[in-house]
Amino acid sequence: MKKKALITGITGQDGSYLAELLLEKGYDVHGLVRRTSITERPRIDHLFDKIQRHYGDLTDYFSIKEIVKDVLPDEIYNLGAQSHVGISYSQPAYTRNVIAGGTARILSAVKKLNLKSKIYQASSSDMFGNVQESPQKETTSFNPQNPYARARVKAFELTQKYKKEGLFVCNGICYNHESPRRGENFVTRKITKSLAEIKLGLRKDFQLGNLESKRDWGYAKDYVEAMWMMLQKNEPDDYVLATGKTHSVRDFIEASAKVLDIKIEWKGEGVNEKGYGQGKEIISINPKFYRPIETNRLVGDASKAKEKLGWVPKTNFEELIRMMVKADYERLSKS
């Protein structure tokens with residue numbers, strides 16, 4: 001008999017890769033989608049006939065409970081969220097309602113329906129915030145610095161409460177993970193798409209914030225495999241998922257430009273710094289893109305995931321960037 005999985009956030013980057021993985025493993029895949037006037041969902045359109053979609057919303061307990069009751073999933077992957085840190089400053093209440101509130105609604109529904117569903121909860125490295133310990137691991141204290149991170153911490157605390165009450169809940173504390181399916185409002189896709197447009201003569205320049213901000217960047221497709229691995233264990237546990245290596249936004253720009261045979265030359269300092277390529281100014285700094293509070297160097301120690309799950313990231317920084325840049329370049333070339 002096929003296992004049944006319910007994925008919230010199935011239309012997102014992680015959700016689409018996870019759906020593909022579970023289908024390959026023979027699962028009956030169900031996805032929670034919000035009803036909107038936009039019918040195109042490019043990340044999962046190719047899976048249209050292979051998955052079952054259920055209209056609902058993480059902010060609506062009734063719809064969550066009815067979907068869980070209807071599907072009776074063996075596994076639930078809660079990936080749905082308002083996951084953009086910048087937006088969380090302008091919509092803190094909504095961010096908390098979707099992330100912490102949505103998590104509470106799923107956990108409560110499973111408990112009240114007395115189901116044995118195994119639950120994966122998406123957590124974030126942003127929860128560590130400005131901690132001094134580096135690299136961070138599962139025992140590192142949280143010190144959230146923005147509304148998004150605080151909502152993630154609250155959701156994490158809820159999973160610990162329900163875990164003590166007998167639910168099988170695992171947290172994946174994921175460091176930044178990217179792919180060609182990353183949203184265009186995230187800095188990584190903004191860089192790869194903008195540089196591809198410049199190479200093709202479709203735009204002249206673009207603006208960024210803090211070039212020295214460093215992140216532990218991995219490949220989303222590698223990370224969803226770890227999510228699945230967690231729910232195959234006999235006992236629930238929480239795991240850091242990371243590459244253990246950091247790179248700055250500047251590094252990301254230069255590596256992306258290299259794929260396109262663009263050599264970046266930097267001139268100036270601070271907010272007056274400019275990036276030149278192909279003989280002209282193509283990058284400038286706009287202070288509005290700085291985070292109000294910048295986190296310290298976030299780099300993860302995923303040794304526990306390696307030891308207990310046998311998981312290690314397969315895709316390195318250069319391979320990830322090459323994949324993203326080429327995908328944007330090829331798509332733009334055809335448009």
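Student: Which kinds of residue form the lining of the largest cavity?

Tutor: This is a predicted model, in which local features need pLDDT of at least 70 and side-chain atom pairs count only at pLDDT 80 or more, while totals for chains, interfaces and linings use all residues. Residues are numbered from 1 along each chain as its sequence is written, and side-chain values use heavy atoms, leaving out hydrogens and water. A cavity is a set of points on a 1 Å grid over the protein atoms alone where a 1.4 Å probe fits but cannot get out; lining residues have an atom within 4 Å of a point. Here the lining of the largest cavity divides into seven nonpolar residues, one polar and no charged; Ala, Val, Leu, Ile, Met, Phe, Trp, Tyr, Cys and Pro count as nonpolar, Asp, Glu, Lys and Arg as charged, and the others, Gly among them, as polar.

Student: Which residues are they?

Tutor: They are Leu-6, Thr-8, Leu-32, Ile-64, Ile-67, Val-68, Ile-76 and Ile-106. Strand S1 (4–8) and helix H2 (61–71) each give two or more of them. Helices (H or I, at least four residues) and strands (E, at least two) are DSSP runs, numbered from the N terminus.

Student: In what order do the strands of the open sheet stand?

Tutor: Two strands pair if DSSP finds at least two bridges between them. The order is S8-S15-S14-S13, with mixed pairing. Strands S8 (206–208) and S13 (265–267) are at the edges with a single partner strand each, so one side of each lacks a neighbour in the sheet.

Student: How many bridges join S8 to S15?

Tutor: Three bridges join these parallel strands; Gln-207 has Ser-284 in S15 as its bridge partner.

How values were computed:
On a 1 Å grid over the protein atoms alone, a cavity is a set of points where a 1.4 Å probe fits but cannot get out, and a pocket is an open set with protein on both sides within 12 Å along at least five of seven lines; lining residues have an atom within 4 Å of a point.
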